[in-house]
Amino acid sequence: KAGSARVLYWFRTDLRLHDSPALAKALALSPKAFFPVFNFDPHYAFEQAVGARRFRFLLESMQDLSDEIRKINKNSQLLVTRGDPRRRIKELCEKWEVTHVAFEEDHNDYGRTRDAEVRQALEKAGIEIVSCEGHHLYPIKEVLKKNGNKPTTSMSAYQKAISSLGDVPKPTETPKSLPDPLAPGSDKVDMKKLFQLVDDLAPLNKDPGPPEVDVNHEKHGGQRHGDVTLYDTVAEKESDPFAVPTLKSLGMDEPQDNMCKPIRGGSSVALKRLDDLCKDPSYLATFAKPQTSPSTDPDAPSTTLLSPYIKFGCLGIRYFWHKTKETKKKHKGGGVTDIPEGMEGQLLFRDMYAACEAAIGDAFHGVRGNSMAKYFDWYLPDAYDDKGNKIVPRPRGDEESEKRLAAWESGTTGFPWIDANMRMLRQCGWMHHLGRHSTAAFLTRAQCFISWERGAEVYSKYLLDWDPSSNSGNWMWLSATAFFSQFFRVYGLATFPAKYDKDGYLVRKFCPELKDVPKKYIYSPHLMSDAEQKQAKCIIGKDYPAPILDEKEEKQHCLDRMGYGYKQKLMGDAKEVMNGSAEDK
Ligand code: FAD
């Protein structure tokens, strides 16, 4: 029976109807009116921080959600607005006479601060807030409480923290219906009226939000999308004022998909993908991450490729967890894989990093002020080896480092395994976990000795699944900065990929200039003789770059510096750096 509540449900990174505890809580109020809103927050609107591929995925996921809403209420849809949420949500509430605002809680610094401010403003205006966590297996707040509000610095610490929290909560039911988005004082749905009520507010579709929100602008050097509207044409706006916008109307070019099929956004795509994976119970039951081949692309991945859907909340994580457990039970053979290598372990890693980010805050994404990150001399020039010889400095911004970083980002290092993976990242928006291992170790502790922060920033531009806590956490792991300390375990640039794929599928696909190179040299084409290069139609230094560094020499150099760092525990000015007071030198 409908009550009197008029509920605005604020979708953010929970673009789904299934397994949504906050949505279930909101619908338990039996609302009379229900407004499903997605509000573009200018805080995130920077081209370099949000690549076009990821933005396309987001828009597709929003459209899919809107279609799902319409399927269960033909009068409703996702209502897309834009503006600083601290102001915009309250304005919408006032004009639409909303009594309750519901949302899934965020665990990061920005999200928490934003939500606290929105909450305060709304409660002052007499509007009730309905919220809970739902983006992780366990509520991150609970995990932290169990760990004395300290970061869970290892999987065993994380598992200990959750050990008294019981099983992962069961996913909530998918709603079968949703109330209408009724304009105040009316029993009829009238989108144009709803829009008129808010159209006179500081221009709904143009407002970029106040400049002080723009905390990452400098860091990303990005262009604000402040002057774009949500619609291509006035007609489009008039026919469907709250429609999900297009890439073009947001000022972005449609990305080219020449190398792999586009990874399409949307909850329905995610659920179908998971259903298909479950058709063969042995896949999820025997899934063991380290054994999956990294020589795969998004067209035929060896892992689930569900990460972008999880990132945007198109796939409920608790649904995934329980579905995995159920499917495993159907598996008749042996060899079931458990934590941490099996599927559940992968999902727990994601939660572990999120709990660390929540404990440390924004500092988790850098070296400064990050109590978890061991400080190496990524920047500082005063490191010495065992014999007291000064180790050649390579501070941030020096010419050689910048050259290496640029070659790494563009996939032109002259090491085919690294280049193929980086080109795939740029051209498809995804990379297998072990490809990420190889490229991250290469840039940091194994070859280039460049800070993990630089690599994490590059990944943030291109990954469809870019998730700040998983990204920074894994970069710290791979650079042996936190979580993992066996820095002496280094991936061979030719031997590692050859273990999985001697023929070099990924290299031949993403570095076509190497397609005729014999198997023997596919991961080290610079070792071909002149005659062999000619025969393979690939002259090193002309058709494909010569290696940017000497693998053996640089590996030793990195080992020395890492060894020195570990022995000293922290390098020179570490204390100052930890306090966030040292400048780059
Ligand atoms: P599957 O192997 O099928 O795993 C299923 C799910 O488990 C993933 O979708 C993901 O949600 C989770 N998961 C698996 N491994 C990890 C892990 N190590 N850490 C956290 N979650 C995990 N993952 C992201 O989602 N976003 C990132 O920004 C990100 N950055 C990374 C950066 C580096 C340097 C490295 C080494 C790894 C990073 N990962 C990141 C983790 C991991 O590589 C991806 O989650 C995984 O490759 C995605 O593919 P999949 O969905 O097929 O994974």
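Which residue in β2 is the bridge partner of Tyr 9? The bridge partner of Tyr 9 in β2 is Pro 36. This is a predicted model, in which local features need pLDDT of at least 70 and side-chain atom pairs count only at pLDDT 80 or more, while totals for chains, interfaces and linings use all residues. Residues are numbered from 1 along each chain as its sequence is written, and side-chain values use heavy atoms, with hydrogens and water left out.

**The sheet**

- Five strands form an open sheet in the order β3-β2-β1-β4-β5, with parallel pairing, where two strands pair if DSSP finds at least two bridges between them.
- The edge strands, each pairing on one side only, are β3 (79-82) and β5 (128-132), and from one strand to the next the twist averages 30°.
- Strand β1 (residues 6-11) runs parallel to strand β2 (residues 33-40), and six bridges join the two.
- Helix α4 (residues 109-124) lies across β1, β4 (100-104) and β5, and runs at about 150° to β5; axes are lines fitted to C-alpha atoms, for helices over the stretch in contact, with angles from 0 to 180 degrees between N-to-C directions.

**The chain as a whole**

- The chain has 24 helices and five strands, which are DSSP runs numbered from the N terminus (helices H or I, at least four residues; strands E, at least two).
- Of the 585 residues in the chain, 57% are buried, where buried means under 20% relative accessible area, exposed means over 50%, and partly exposed lies in between (1.4 Å probe, protein chains only).
- Among contacts (heavy atoms within 4.5 Å) between residues at least 6 apart in sequence, 76% join residues at least 24 apart.

**His 331**

- His 331 lies in the loop between α13 (317-330) and α14 (343-360), and counts as buried because its relative accessibility is 15%.
- A polar atom of the His 331 side chain lies 3.1 Å from the backbone oxygen of Gly 333.
- Leaving aside neighbours within four places in sequence, His 331 is in contact with Pro 281, Ser 282, Ala 285, Thr 286 and Val 336.

**Glu 532**

- Glu 532 lies in helix α22 (residues 530-535) and is partly exposed, because its relative accessible area is 26%.
- Leaving aside neighbours within four places in sequence, Glu 532 is in contact with Tyr 521 and Leu 527.
- Glu 532 and Ile 317 are 215 residues apart in sequence, and their C-alpha atoms are 51 Å apart in space.

Technical notes: Polar contact = N/O pair within 3.5 Å; in protein donor to acceptor, adjacent residues only side chain to side chain.
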